[in-house]
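Reader: I am new to this structure. Please take one part of it, go through that part closely, and say how it sits in the whole.

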Amino acid sequence: MDRDAKALTVVPCGRVLLNRLPQVVPLIADVPADTVVIDTSNYYPARDSRIEAIDAGQVESLWVTEQLGRSIAKAWNAIGSHSFATKGRPAGSPDRIAIPVAADRDRDRQMAMALVEDTGFDAFDAGTLADSWRQQPGAPCYCTDLTREEMPGALAAAEVERPPKRRDLSVAAIQERVGDARTNPDAEYGVRLNRALFM
């Protein structure tokens with residue numbers, strides 16, 4: 001895909017709490033409809049406040065699509081910030097981490113996958129937005145630093161009712177350790193914890 005054909009529009013909304021995502025709508029109102037919008041967010045009720053539709057089972061990315069009124073790709077949500085900052089590798093590296101990418105439009109998927117590859121990770125086609133619950137917090141591929149070979153099994157192993165419960169267990173375990181100088185977790189603690197709880 002020729003990514004230079006059009007200027008890439010970036011909307012700085014990565015730090016927006018999910019329940020405030022509707023506030024982003026005016027920022028992208030004049031952006032052309034065919035512009036690729038990539039959703040990197042995740043729903044954490046303790047941080048984002050309760051979002052009734054998601055709590056009732058709506059897939060996070062489909063809720064985001066409704067709020068923004070446009071198609072999106074879901075990417076970079078299933079990797080922790082430390083891993084993202086330090087574990088990018090050249091293409092072909094045996095330990096290269098894979099990042100799932102979900103989208104409904106081919107153009108969104110292709111652009112997101114190309115950009116994931118550019119950041120030093122293997123882009124893995126995770127299907128449609130309706131299937132993107134498989135990469136939400138608590139799912140086996142979420143922040144577990146899997147390779148391209150491990151990713152299909154993790155996506156297939158996801159069970160729709162389990163991720164929210166596992167997400168909340170992980171948050172509780174991290175909160176119990178954060179702030180205590182004797183037990184404050186290191187950067188790899190989250191990956192180890194998520195592997196134990198989610199896989």
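Author: Accessible areas here come from the Shrake-Rupley method with a 1.4 Å probe, and for residues, only the protein chains shown count as cover. On that basis the accessible surface of the protein comes to about 10400 Å², and carbon and sulfur atoms hold 53% of it. The model is a predicted one.

The protein contains 9 helices and 4 strands. Read from the N terminus, the elements follow the order α-β-α-α-α-β-α-β-α-β-α-α-α. The radius of gyration is 17 Å, close to the 16 Å that the globule rule gives for 199 residues, so the protein is as compact as a globular protein of that length. Its C-alpha trace spans about 50 × 40 × 30 Å along the principal axes. Of the 199 residues, 44% count as buried; the cut-off for buried is under 20% relative accessible area. Contacts between residues at least 6 apart in sequence were also counted, and 72% of these join residues at least 24 apart. As for charge, the protein carries 24 positive and 29 negative side chains. The centres of these two sets are 3 Å apart.

Now the sheet itself. It is open, has 4 strands in the order β1-β2-β3-β4, and its pairing is mixed. The edge positions belong to β1 (38–39) and β4 (122–125), each with a single partner strand, so one side of each is left without a neighbour in the sheet.

β1 runs parallel to β2 (residues 73–74), and 2 bridges join them. In this pair D39 faces K74 of β2. Between β2 and β3 there are also bridges, 2 of them, but here the strands run antiparallel. A73 stands opposite A103 in β3. The last pair is β3 and β4, which are parallel over 4 bridges, with P100 opposite F124 of β4.

Strand β3 (residues 98–103) deserves a separate word. In a regular strand the side chains alternate between the two faces of the sheet. In β3, A98, P100 and A102 are on one side, and I99, V101 and A103 are on the other. Both of these faces are covered, and the residues named are all buried. That makes 6 of the 6 residues of the strand, so β3 is largely enclosed by the rest of the structure.

In α4 (residues 60–68) the buried residues are E60, S61, W63, V64, T65 and L68. They pack against β1 and β2, and against the helices α1 (25–28) and α3 (52–55) as well. Just after α4 comes G69, with a positive phi of about 70°.

One is W76, whose phi is about 65°; W76 lies in the loop between β2 and α5. With a relative accessible area of 18%, W76 is buried, the limit being 20%. The other is C143, where phi is about 55°. C143 belongs to the loop between β4 and α7, and its 9% relative accessibility means that C143 counts as buried.

The loop between β4 and α7 (151–157) also holds S132. Is S132 buried or exposed? S132 counts as buried, because its relative accessibility is 0%. Leaving aside neighbours within four places in sequence, S132 is in contact with V59, S61, K74 and A102. Several of these have come up already: S61 is one of the buried residues of α4, K74 is the residue that D39 faces in β2, and A102 is on one of the covered sides of β3. S132 and S61 are 71 residues apart along the chain, yet their C-alpha atoms are separated by 6.9 Å.

In α9 (residues 189–198), Y189, V191, L193, N194 and F198 are buried. Their cover includes the helices α5 (81–86) and α8 (163–177).

Conventions: Residues numbered from 1 in each chain as written. Predicted model: local features only at pLDDT ≥ 70, side-chain atom pairs only at ≥ 80, totals over all residues. Heavy atoms only, no water. Rg over C-alpha atoms; globule rule 2.2 N^0.38 Å. Buried < 20%, exposed > 50% of the residue type's maximum accessible area, 1.4 Å probe, protein only. Contact = heavy atoms within 4.5 Å. Lys, Arg positive; Asp, Glu negative; His and termini not counted. Charge placed at Lys NZ, Arg CZ, Asp CG, Glu CD. Pairing = 2+ DSSP bridges.
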